[in-house]
Amino acid sequence: MSASEQKWRNYEFYIGLTMAIFSSFLIGGSIILKKRALLRLAQTGGTRAGEGGHGYLKDWMWWAGLLTMGGGEVSNFAAYIFAPATVVTPLGALSVLIGAILSSYFLNEKLNMLGKMGCVLSILGSTVMVIHAPEEEEVKTLDEMAQKILHPGFLVFASLLLAASLVLIFYFSPRYGHTNVLIYIAICSLIGAFSVSSVKGLGIAIKGLFDSKPVWKHPLSYILIVTLVASIVTQVNYLNKALDVFNTSVVYPIYYVFFTTVVLSTSVILFKEWYSMFPVDIVGTLCGFLIIITGVFMLHAFKDMKLNIDTLPQVIQPKQEEHPVTEIIRFDDKQILIDSMENSVFSEQKPKLFVICS
């Protein structure tokens, strides 16, 4: 690779990084708008989204949240065109962080000291992953993209994802979706692998279009568009159901971990992004991802604890159990013991221990 090509690839990487961070701000804000709309629908007694209702479509706030999320997703999808998926996807933790901060102000979901530490860890983990970012295997044409999609390894992987998604949608979702948050989130995450792959392919098509290549004649372009639309509609539908039934602070952290894991696996199999990495970069990327997961877990697992700087000493200091003090009375002989039993010192009805010394 020449110096000019390397410089352009670095330039593309920073474009993708900037768009990924910008999308996190938009998506984090959209969480609050959509949740507020769903809460207002529940207060008015309308059929909730988790029960199959679509009354939220009449609320302007939900549409504002949808448009904001749409802008965030467009920015996020554009980031996939310029930067590796193993960098763009983990940066979605920033949207969880922003959503948690805004929830503390607009949804009365408190953010304690552990939550703030989780925010710091999420930023730290994202930074580590960016530093050790891999270089994806360059795909310049739709023909090369088609070869990768038709690779037996990816076909088996995609078939397993699709089969699992269909089983979850048609069997588990109607029966257990209202009681188990993992059902709706698993559907969104598994389908997300197809949306990310489609975006990467369409990014190649857009680049080819600017290079005056006849990409509209290639059937893969239309297959990718249909796949992208279908996957996005499915993800939005089941994400709305999850938000309606379960708490925001539960849905998005689990969704982040599931979705990121699936996308990282897809990138490894489809684009072989990890094949050109040094061992230290692989370890650094995995450690960064684990730091992000730890931060997201701390952000929401202890959200109900009343923990701050003022109450920290009380939480750390163990409670001392109070043991009843046994009163020991020492007498020199038996006669004094007998005489003292009539004394007022024993008027209280408490157990006493006598030690008789001869």
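Tutor: One caution before the record comes in: UniProt annotations may be inferred rather than shown by experiment. With that in mind, and remembering that this is a predicted model, the unreviewed UniProt entry lists several spans as "transmembrane region", including 114-133, 219-238 and 250-270. Take 219-238: in the model the span is 100% helix and 0% strand, with its end C-alpha atoms 29 Å apart. For residues 114-133, the figures are 90% helix, 0% strand and 28 Å between the end C-alpha atoms.

Now to the patch. Leu209, Trp216, Tyr222, Ile225, Val229 and Val233 make a nonpolar surface patch of about 620 Å², and α9 gives the most to it, with four residues. Ile225 is found in α9. Its relative accessible area is 41%, so Ile225 counts as partly exposed.

The largest nonpolar core has 60 residues, and Tyr80, Met145, Val251 and Tyr252 touch the most other members. Helix α9 (219-245) is among those that each supply at least two residues of this core, as are α1 (3-43), α7 (152-176) and α10 (248-270). The most comes from α8, with 16 residues. Zoom in on Val251: leaving aside neighbours within four places in sequence, Val251 is in contact with Val181, Ile185, Leu239, Ala242, Leu243 and Phe246. Apart from this core lies another one, of 13 residues, with Tyr256, Leu264, Ile292 and Leu299 among them.

Note on methods. Residues are numbered from 1 along each chain as its sequence is written. This is a predicted model: local features need pLDDT of at least 70, side-chain atom pairs count only at pLDDT 80 or more; totals for chains, interfaces and linings use all residues. Side-chain values use heavy atoms; hydrogens and water are left out. A nonpolar core is a set of buried Ala, Val, Leu, Ile, Met, Phe, Trp, Tyr and Cys residues joined through side-chain atoms within 4.5 Å. Buried means under 20% relative accessible area, exposed over 50%, partly exposed in between (1.4 Å probe, protein chains only). Contact means heavy atoms within 4.5 Å. Patches are made of residues with over 30% relative accessible area and no salt bridge: like charges are joined within 9 Å, nonpolar side chains (Val, Leu, Ile, Met, Phe, Trp, Tyr) within 5 Å. Accessible areas come from the Shrake-Rupley method with a 1.4 Å probe; for residues, only the protein chains shown count as cover. A salt bridge is a side-chain nitrogen of Lys or Arg within 4 Å of a carboxyl oxygen of Asp or Glu.
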